[in-house]
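Could you walk me through this model, helix by helix, and then show me where the annotated sites sit?

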Amino acid sequence: MSKVVVMDHPLIQHKLTMLRDINTGSKDFRDLVKEISMLMAYEMTRELPLEDAEIETPLCTMTSKTLAGKKLGIIPILRAGLGMVDGVLQLIPAAKVGHIGLYRDPETLQPVEYYCKLPSDVPERELFVLDPMLATGGSANAAIQFIKDRGGVNIRLVSLIAAPEGVDAVHKAHPDVDIYVAAMDEKLNDHAYIVPGLGDAGDRLFGTK
C-alpha cells in the first residue's frame, strides 16, 4: 500500500491558514499556493537518489553529492493545478511539465477529459501530479490512469488539502501511488466539497465564479 505524507511544517501550516481564509483575494491566494507548493516540493523530493560527483572548490578537489540523473516531470491537472507549477519549478527547474485537462460533470460528479499532453519520455521520469484539492479522488484517479496508459510508472500525487474519501479512493485505484498533502480535512459535504476546505481552488486562483 502506498503512503500518505501530511506535511505539518509550521510555515506550511501558517500559509495554509491564510489560504483558507475567505478574505484572501486572488493575488494573495496565487502567491500562497506557489509558496506552499515550493515548500512541499522540498519534502516530496526527499527520497530522490543521489550519486557522487567530483568537483573543485576554491581550496581543493572533493567528492560531493548530486542528483542521480533521475528525470523529473510535473503534471498539473487543469486548471487549478496550474497554480502549483511555478512553486515546484523554483526548486526543480529542469523538470518537464505536462498537462491534463479534466472537469467534473456537475450531474454525475465524474471526471471528463478534454486535454492531455505529456512529456514524450514519460516512462523514464519520476512524475508529480499536482492538484490542490483531493476531494472525491475522481479527477486524480483519472489523471493517474491517463499517465499509466501512456507508460508512466513512477507517480506521486501532490495536493494542498485532502478529504479522507479522496485518499481512500486513490489508494484503492492506485495502491502504488504515494500521496503528499499539506492537510487532511474532515470530510466531503453533499456537493463533494472538502470541509472545512477552502472553497473552489480554481475560482479563487483565477478570480472566477
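This is a predicted model: local features need pLDDT of at least 70, side-chain atom pairs count only at pLDDT 80 or more; totals for chains, interfaces and linings use all residues.

Residues are numbered from 1 along each chain as its sequence is written, and side-chain values use heavy atoms, with hydrogens and water left out.

Let's start with helices H1 (residues 10-20) and H2 (residues 26-44), whose axes come within 10 Å and cross at roughly 155°. Helices here are DSSP runs of H or I with at least four residues, strands are runs of E with at least two, and both are numbered from the N terminus. The axes are lines fitted to C-alpha atoms, for helices over the stretch in contact, with angles running from 0 to 180 degrees between N-to-C directions. That crossing angle makes H1 roughly antiparallel to H2; the label applies over 145 degrees, with under 35 counting as roughly parallel, 65 to 115 as roughly perpendicular and the rest as oblique. The crossing is left-handed, meaning that the near helix is turned anticlockwise from the far one by less than a right angle (clockwise would be right-handed).

Which residues make this contact? On the H1 side they are Leu11, Ile12, Lys15, Leu16, Met18 and Leu19, and on the H2 side Phe29, Leu32, Val33, Glu35, Ile36, Leu39 and Met40, with contact taken as heavy atoms within 4.5 Å. The tally is 11 nonpolar, no polar and two charged. In that scheme Ala, Val, Leu, Ile, Met, Phe, Trp, Tyr, Cys and Pro are nonpolar, Asp, Glu, Lys and Arg are charged, and the others, Gly among them, are polar.

H2 also meets helix H3 (residues 82-91): their axes come within 7 Å and cross at roughly 45°, so the two are oblique to each other. This crossing is right-handed. H2 brings Val33, Lys34, Ser37, Met38, Ala41, Tyr42 and Met44, while H3 brings Gly83, Met84, Asp86, Gly87, Val88, Gln90 and Leu91. Those residues split into eight nonpolar, four polar and two charged.

Further along, helices H4 (residues 138-149) and H5 (residues 164-173) have axes that come within 9 Å and cross at roughly 25°, which makes H4 roughly parallel to H5. They cross right-handed. Ala140, Asn141 and Ile144 of H4 touch Ala169, Val170 and Ala173 of H5, giving five nonpolar, one polar and no charged residues.

Now for the annotated sites. An unreviewed UniProt entry lists a "binding site" of Ile194, Gly199, Asp200 and Ala201; its positions are in the numbering used here, feature names are shortened, and annotations may be inferred rather than shown by experiment. Ile194, Gly199, Asp200 and Ala201 from that set are in the lining of the largest pocket. On a 1 Å grid over the protein atoms alone, a pocket is an open set of points where a 1.4 Å probe fits, with protein on both sides within 12 Å along at least five of seven lines, a cavity is a set the probe cannot get out of, and lining residues have an atom within 4 Å of a point. The unreviewed entry also gives a "binding site" that includes Arg79, Arg104, Asp131 and Asp200, and the largest pocket's lining takes in Arg79, Arg104, Asp131 and Asp200, among others from that set. Asp200 sits in the loop between strand E13 (194-195) and helix H6 (201-206).

Finally, the backbone. Most residues other than glycine have a negative phi, and most peptide bonds are trans. The Leu78 to Arg79 bond, however, is cis, with omega near 5°, and Arg79 is in the loop between strand E4 (71-78) and H3. Val195 and Pro196 are also joined by a cis peptide bond, with omega about 5°; Pro196 lies in the loop between E13 and H6. Ala192, in the loop between strand E12 (187-188) and E13, has a positive phi near 65°.
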